[in-house]
Amino acid sequence: MRILITGAAGFIGFHLAGRLLADGHEVVGIDGMTSYYDVRLKAARFSILDEHHAFSGHKVMLEDTGGLAALAERQVPEIIIHLAAQAGVRYSLENPRAYIDANLVGTFNVMELAKTYDVRHFMVASTSSVYGANTTIPFAETDRADHPMTLYAATKKAIEEMTHAYSHLWRIPTTALRFFTVYGPWGRPDMALFKFVDAMLNDQIIEVYNHGRMERDFTYIDDLVEAVARLMSLPPEHDVPKVGVRDSLSPVAPWRAVNIGGGQPTDLLAFVHAIEIALGREARINLMPMQAGDVPLTFADTALLTALIDYRPTTPLERGVAQFCEWYKIHFNVG
Ligand SMILES: NC(=O)c1ccc[n+]([C@@H]2O[C@H](COP(=O)([O-])OP(=O)(O)OC[C@H]3O[C@@H](n4cnc5c(N)ncnc54)[C@H](O)[C@@H]3O)[C@@H](O)[C@H]2O)c1
């Protein structure tokens, strides 16, 4: 199968592309190589994928309508997995326009490709952030999610709604993937694990927000990739029975949203402790107040994921954190 992955030089795209290539698929990877974080990390990921004969990597911005269309015309996709986005909750307070451009305009351009090439499955990255101010836990896909706390979350919710409309109008089987705090080797420098490990190896103080009273449903990258790979072969169908009471399958379109998380939130101080064990060092912690836009807890309901693919993420946090620290030390030649 020929699969177009946007954001293939990104953290999740890189791992997913590697897995799909190993499964025997052809992968066309596109990425704008934006400077939100160190481009060398993106280039290094791309060059690893480039070693595979069935991979072709292309530097294209999502907003480049013509460039994107020309590429798709040459490499007609059967499946599109749209991961490229301006990510990050906190940065959306600093540079909101980047989210409008990449996430709204960019996603619209990718939706047009999904329509033009009548893809078998259109998979789109969403986020646990769409649950916003919800307090009913765990977060279920059938819960209303009407109160986003940041523009990042708002653009992701808008992406869900935009793709729903196209799914309805053009019968595009679409799955919105609600990822919960993904971590692992080759992870993002703007995320807590990377920042904490970097600071601890350099004897610097780490900042822990909301005085440590924060819980996240951490999802190890290999588990997430396994879930996405399984879901890929389950494009939603309209007019079929739901798989359970919590199935978010639309009544009017072959569209559903699926949580990908383990359903086991961990508090930040336990997370820091797992890093201390992996590095064999003690953290110097500065407890900070809550940051604007942050939520105190994310917690995935995994009933739908399990009903669909008989799988949910289970890698223990200690093991996943140790894998990241191992990668970090080798990649940056430290520790
Ligand atoms: N990592 C997480 O914990 C997490 C959680 C929830 C949702 N997500 C979502 O998953 C997706 C992948 O996240 P990631 O962690 O791999 O992030 P990432 O930043 O590592 O990857 C995104 C990639 O998209 C590219 N990109 C950004 N804007 C672009 C544009 N306008 N045109 C072309 N390329 C562009 C970047 O260069 C980057 O390589 C994103 O949509 C993100 O919002 C991630």
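**Chatting through a two-domain chain**

Student: How far apart do the C-alpha centres of domain 1 and domain 2 lie?
Tutor: They lie 26 Å apart. Keep in mind that this is a predicted model.

Student: Okay, and which residues go with which domain?
Tutor: Domain 1 takes 2-182 plus 218-260, while domain 2 takes 188-216, 264-298 and 314-332. That's the domain assignment of the chain.

Student: How many residues are in contact between domain 1 and domain 2?
Tutor: On the domain 1 side there are 18, and they are in contact with 16 residues of domain 2. The domain 1 side divides into 10 nonpolar, four polar and four charged residues.

Student: How much of the chain is buried?
Tutor: Buried residues are 45% of the 335.

Student: What about contacts between residues at least 6 apart in sequence: what share join residues at least 24 apart?
Tutor: That share is 81%.

Student: Now the start of the chain. How many of the residues in strand β1 are buried?
Tutor: Four of its five, so to speak for residues 2-6, and the strand is mostly covered.

Student: Which way do β1 and β2 run, parallel or antiparallel?
Tutor: Parallel, with five bridges joining β1 to β2, which is residues 26-31. Arg 2 stands opposite Glu 26 there.

Student: What do β1, helix α1 and β2 make together?
Tutor: A right-handed β-α-β unit, with α1 covering residues 11-22.

Student: And how does β1 pair with β4?
Tutor: Also in the parallel sense, over four bridges, with β4 at residues 79-82. Look for Ile 5, which stands opposite Ile 81 in β4.

Student: Switching topic: where is Lys 115?
Tutor: Lys 115 is in helix α5, residues 96-116.

Student: Why is Lys 115 called partly exposed?
Tutor: Because it has 16 other C-beta atoms within 10 Å, and a residue counts as buried at 20 or more and exposed at 12 or fewer.

Student: What is Lys 115 in contact with, leaving aside its neighbours within four places in sequence?
Tutor: Tyr 166, Trp 170 and Ile 172. Trp 170 is 55 residues away along the chain, yet its C-alpha atom is separated from that of Lys 115 by 6.6 Å.

Student: Last one: is Val 334 buried or exposed?
Tutor: Val 334 is exposed, because 11 other C-beta atoms lie within 10 Å and the limit for exposed is 12 or fewer. You'll find Val 334 in the segment after α11, which is 317-332.

Student: What is Val 334 in contact with, beyond its neighbours within four places in sequence?
Tutor: Leu 201 and Lys 329. As for Val 89, 245 residues apart from Val 334 along the chain, their C-alpha atoms are separated by 29 Å.

Methods. Residues numbered from 1 in each chain as written. Predicted model: local features only at pLDDT ≥ 70, side-chain atom pairs only at ≥ 80, totals over all residues. Domains from an automatic or database assignment. Contact = placed C-beta atoms within 7 Å. Nonpolar A, V, L, I, M, F, W, Y, C, P; charged D, E, K, R; others polar. Helix = DSSP H or I, 4+ residues; strand = E, 2+ residues; numbered from the N terminus. Pairing = 2+ DSSP bridges. Right-handed = clockwise from strand over helix to strand, strands pointing away.
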